[in-house]
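Okay, thanks everyone, let's get going.

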Amino acid sequence: PVRSCVHTENCFVPISEIIAVEETEFNKKQRNIGRWQKMAKLHAFTVHYVKKARNHRWRCSAATFWCVDEHLCNQWTQALKGLLEMQKSRPKQLLVYINPYGGKRQGKRIYEQKVAPLFSLASISTDVVITEHANHAKDNLFEVNIYKYDGVVCVGGDGMFSEVMHGLIGRMQKDSGIDQNNPKASLVQCNIRIGIIPAGSTDCICYSTVGISDPVTSALHIIVGDCQPLDVSSVHHNNTFLKYSVSLLGYGFYGDILKDSEKKRWMGPMRYDYSGFKTFLSHHYYEGTIAYQPAKHTHGSPRDKESCRTGCYICKQSEKQLAEQNKKHGLKHEEGEEEWKVIKGKFLAINAVNMSCACPRSPKGLSPAAHLADGSADLILVRKCSRFDFLRYLVRHTNQDDQFDFPFVDVYRVKCFQFTSKLSEDNESNVMDIGKKRFGQFCRDHPACCCNIVNSTWNCDGETLDSSAIEVRVHCQLMKLFARGIEEDCKDEAAHSQSSIEQLL
């Protein structure tokens with residue numbers, strides 16, 4: 001028989017969550033255990049596997065087995081290694097970018113102490129690049145042979161991820177001859193997965209796709225080869241590409257917070273609290289018109305309380321429905337003027353989110369029912385209201401109440417939208433033909449001087465975007481992450497796999 005050297009309860013481990021199997025040498029102390037102490041020689045192997053804890057946290061655990069029959073021990077070892085070799089989704093070679101300056105400047109230490117040993121254990125080879133300046137990773141991705149890698153890993157915060165995403169998607173479009181400056185271009189899907197090792201001041205994307213901001217958990221998701229498709233929004237101005245967005249595109253309140261906080265980077269993460277309080281007190285609103293196309297292909301709605309989880313049914317069905325629509329009607333049908341909706345008003349905040357944007361401070365996020373890969377974004381319009389009402393709306397992000405249940409809040413599931421401001425009205429070519437005659441101006445209420453024309457700043461995934469007229473389009477599942485979405489219940493997740501080792505212990 002094969003016996004374990006640890007005393008624990010029986011457990012069930014899927015093959016997909018075994019990290020590595022290796023031969024083990026016993027020392028004298030280990031040999032002198034119970035009835036095995038008289039045996040001349042023991043043969044052993046150790047199974048390293050994923051152990052799931054609370055709050056979606058993963059850890060690497062191990063169980064060692066031994067027996068006196070060397071041939072039997074080798075059979076077990078080779079059989080398990082053979083099963084691991086059949087896991088084709090697992091990466092074997094990774095390109096790693098480390099931002100040593102992000103967050104608390106702990107990126108390099110986190111990778112070397114917590115992540116690199118796990119990659120080595122799983123026999124993953126890596127090429128590591130320590131970034132030296134802004135856009136280092138982005139520029140490097142246009143030069144290296146990315147096709148020899150099974151994935152790209154970024155160690156840092158949301159800003160580092162955004163840089164790697166722009167470089168990887170941009171490289172794919174360049175190699176495929178796609179003009180990114182064309183807002184109607186059908187972009188080529190990026191099949192090289194991106195892994196995120198959180199080490200920044202904000203890790204919203206990691207939190208929304210894994211369920212926790214933890215370097216070890218993210219490293220284990222990369223090792224087992226998880227794959228989570230992700231929608232990406234492209235942002236254009238006057239037929240010029242500006243940015244890609246995967247989480248928040250916010251104008252007004254969240255744009256003003258970011259613009260003010262950029263001047264106070266010396267404060268560290270506290271700058272967001274300070275700028276948020278200051279922006280709330282200023283209570284600026286912006287007047288204008290928004291045009292959008294409803295996402296008719298989606299199977300969900302922003303208020304249906306159906307959260308996006310691992311193996312999301314709504315994402316799969318929406319993707320299928322969108323593909324059928326595009327095959328049947330093409331892009332010309334999508335641009336039909338009759339499908340556009342127009343809204344005019346005065347807004348405190350205009351937010352478009354591709355995911356829930358959940359974080360520890362806001363467990364539900366800006367849009368709890370937003371989906372990661374359904375080809376749509378949730379457009380949230382917060383109209384002018386009193387400070388007290390706006391505070392009530394903000395507080396809803398921290399509790400379980402419906403944050404859209406206010407008369408001054410509207411939410412729509414869209415596949416594209418556009419807006420303009422007074423500054424861009426002087427040149428009608430700044431917007432698409434559909435918006436030329438419809439768009440009003442954005443202005444700010446100012447107690448001292450009636451109507452002082454100003455513009456807010458767009459908050460594009462934590463980076464400022466100053467363009468006063470933009471066009472936004474959602475590209476369904478444009479990229480993929482080393483993640484599996486947020487699991488419903490970590491304790492029951494093992495039962496989902498049919499290929500497994502039953503009763504390892």
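This is a predicted model: local features need pLDDT of at least 70, side-chain atom pairs count only at pLDDT 80 or more; totals for chains, interfaces and linings use all residues.

Residues are numbered from 1 along each chain as its sequence is written, and side-chain values use heavy atoms, with hydrogens and water left out.

On confidence, pLDDT is the predictor's own score for each residue, from 0 to 100. The protein chain has a mean of 84, with 82% of its residues at 70 or more. Residues 2–8 are below 50, though that stretch still has 18 contacts in the model beyond near neighbours in sequence; contact here means heavy atoms within 4.5 Å. Residues 490–505 are also below 50, with 39 such contacts.

Now the cores. A nonpolar core is a set of buried Ala, Val, Leu, Ile, Met, Phe, Trp, Tyr and Cys residues joined through side-chain atoms within 4.5 Å, and buried means under 20% relative accessible area with a 1.4 Å probe, protein chains only. The largest one has 67 residues, and Tyr97, Phe161 and Met479 have the most contacts inside it. Helix α5, residues 158–175, gives the most to this core, with seven residues. (Helices are DSSP runs of H or I, at least four residues, strands are E runs of at least two, and both are numbered from the N terminus.)

So which helix is largely enclosed by the rest of the structure? That's α7, residues 215–223, because nine of its nine residues are buried. Those include Pro215, His221 and Ile223. Just after α7, glycine 225 takes a positive phi of about 80°.

Last, the aromatics. Rings of Phe, Tyr and Trp (its six-membered ring) pair if their centres lie within 6.5 Å; planes under 30 degrees apart are stacked, over 60 edge-to-face, and the rest tilted. There are 16 pairs in the structure. Phenylalanine 45 and phenylalanine 65 are stacked, because their centres sit 5.4 Å apart with the planes at 25°. Phenylalanine 45 is in strand β4 (43–52) and phenylalanine 65 in strand β5 (58–67), so this pair ties together parts 20 residues apart in sequence.

Definitions and conventions. Buried means under 20% relative accessible area, exposed over 50%, partly exposed in between (1.4 Å probe, protein chains only).
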